[in-house]
Amino acid sequence: MSHASSGLPTGRGLLYLIIAGTTWGTAGAVASLVYRTSDLGPAALSFWRCATGLAVLLAVRIARPRARTTVSEPLARRALRVGGSGVALAVFQTAYFAAVRSTGLAVATVVTLGAGPVLSALGARLVLAERLGRSGAVAVVGALAGLGVLTLGGAGAAVRPLGVFLGLLSAAGCCVMTLITRAGDGESTGTSIGVFAVTSLCLLPFAVAEGLVPHTGQPALLLGLLAYLATVPTALAYGLYFAAAAVVRPTTVSVVMLLEPVSAAVLAVLLFGEHLTVTTLVGTLLMLGAVAGLAVTEARVAA
C-alpha cells in the first residue's frame with residue numbers, strides 16, 4: 001500500500017513512529033510504578049489503559065469532528081482488520097506488562113522489541129511477499145542467537161525464562177498488529193477507537209477475574225499514572241502508530257520502534273536501579289546488531 005492511498009507521506013509516517021516509539025518506552029516504567037503502588041495485575045492494567053485511552057479518543061473525536069471521507073475498503077474487511085488488531089493489541093500489551101512484572105523492565109523491553117523486527121521481517125515475507133534478503137536472513141540468525149544467550153545465560157535473577165517467553169509472546173502480538181495495520185486505509189483516529197474498543201472487551205473478563213478495582217495506599221499517584229498511561233503512550237502514541245504503520249514497511253516499523261527499549265532501559269536504570277548483567281548486555285548487543293542488519297536491508301530497499 002502506498003502512502004498516496006492514505007494521504008500520509010512516508011517521511012511524516014517515520015516521524016510519527018519516532019514519537020510513538022519514544023513515548024511507548026515510558027509505558028513499562030509506568031507499569032513498574034503501578035505494580036509498586038497497588039495490587040493491579042497485567043490484565044487489569046491493560047484493560048484500564050485501553051478503556052481510558054478509548055474514552056480520550058472518543059472525547060477528541062467529539063470535540064474535533066472531521067469531515068467524512070470515502071473509504072474504499074469493504075466494511076466486512078475493515079471489521080475483520082479492526083477486530084484482529086484489537087485481539088493482537090490485547091496480547092501485545094498484556095504479555096508485555098506480565099513480562100515486566102516477571103523479569104524486570106529492561107529485560108522485558110529488550111526481548112519484546114528485539115524480537116519484534118525479526119518476527120515482522122518473517123511475517124512480511126510470508127504474508128506480504130516482501131523479500132528478506134541475505135542480510136535479513138543473517139539478522140534473523142543473529143537475533144535468535146541473542147535471545148538464546150539472554151535466556152540460557154541468565155543464571156541470576158536478572159533474566160527469568162517465563163519473562164522472556166512473555167516478551168516473545170508480546171512481540172508476536174505486535175507483529176500481527178503491524179501486518180494487519182499495513183493492509184488498512186491509514187485513518188488513524190477511527191482505527192484506534194475501533195481497536196481499543198475490541199481490546200477492552202477482550203480484556204474485561206480477565207481483568208475482572210484478576211481484580212478490576214486496585215487496592216492502594218497512594219490513590220492520587222495511581223490515578224495520575226493511569227491518566228498518563230491512557231493519554232500519552234496510548235491515545236497519542238497509538239493514533240500516530242496506526243497512521244504510520246499503514247504507509248511504512250512492517251520491518252521498518254519494528255526497527256524504528258527500537259527507540260522504545262532505549263528509553264525504557266534508561267528509565268529502568270535511572271528510576272528503578274535495575275542492573276544489566278554481562279550476559280544480558282551480550283544478548284542485547286547481538287539482538288540490536290541483528291536489528292541494525294535489518295535497518296541496512298530496509299535502506300537498500302528504499303533506495
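Predicted model: local features only at pLDDT ≥ 70, side-chain atom pairs only at ≥ 80, totals over all residues.
The protein chain has an average pLDDT of 78, and 73% of the residues score at least 70. Among the elements of the protein chain, the highest mean pLDDT, 91, belongs to helix α2 (residues 42-63), and the lowest, 66, to helix α10 (residues 259-272). Over residues 1-5, pLDDT stays under 50. For residues 1-5 the model has eleven contacts beyond four places in sequence.

Helix α8 covers residues 219-245. With 27 residues at 1.5 Å a residue, α8 should span 39 Å, and the 36 Å between its end C-alpha atoms agrees with this.

Helix α8 packs against helix α6 (residues 161-182) at an angle of about 55°, and the two axes lie 8 Å apart. On the α6 side, the contact is made by C174, M177, T178, T181 and R182. Helix α8 contributes Y238, Y241, F242 and A245. By type, the residues of this contact comprise six nonpolar, two polar and one charged. An α-helix has 3.6 residues a turn, so residues three or four places apart point the same way.

How values were computed: Residues numbered from 1 in each chain as written. Heavy atoms only, no water. Axes fitted to C-alpha atoms, helices over the stretch in contact; angles between N-to-C directions. Helix = DSSP H or I, 4+ residues; strand = E, 2+ residues; numbered from the N terminus. Contact = heavy atoms within 4.5 Å. Nonpolar A, V, L, I, M, F, W, Y, C, P; charged D, E, K, R; others polar. pLDDT = per-residue confidence, 0-100. Expected span 1.5 Å × (residues − 1).
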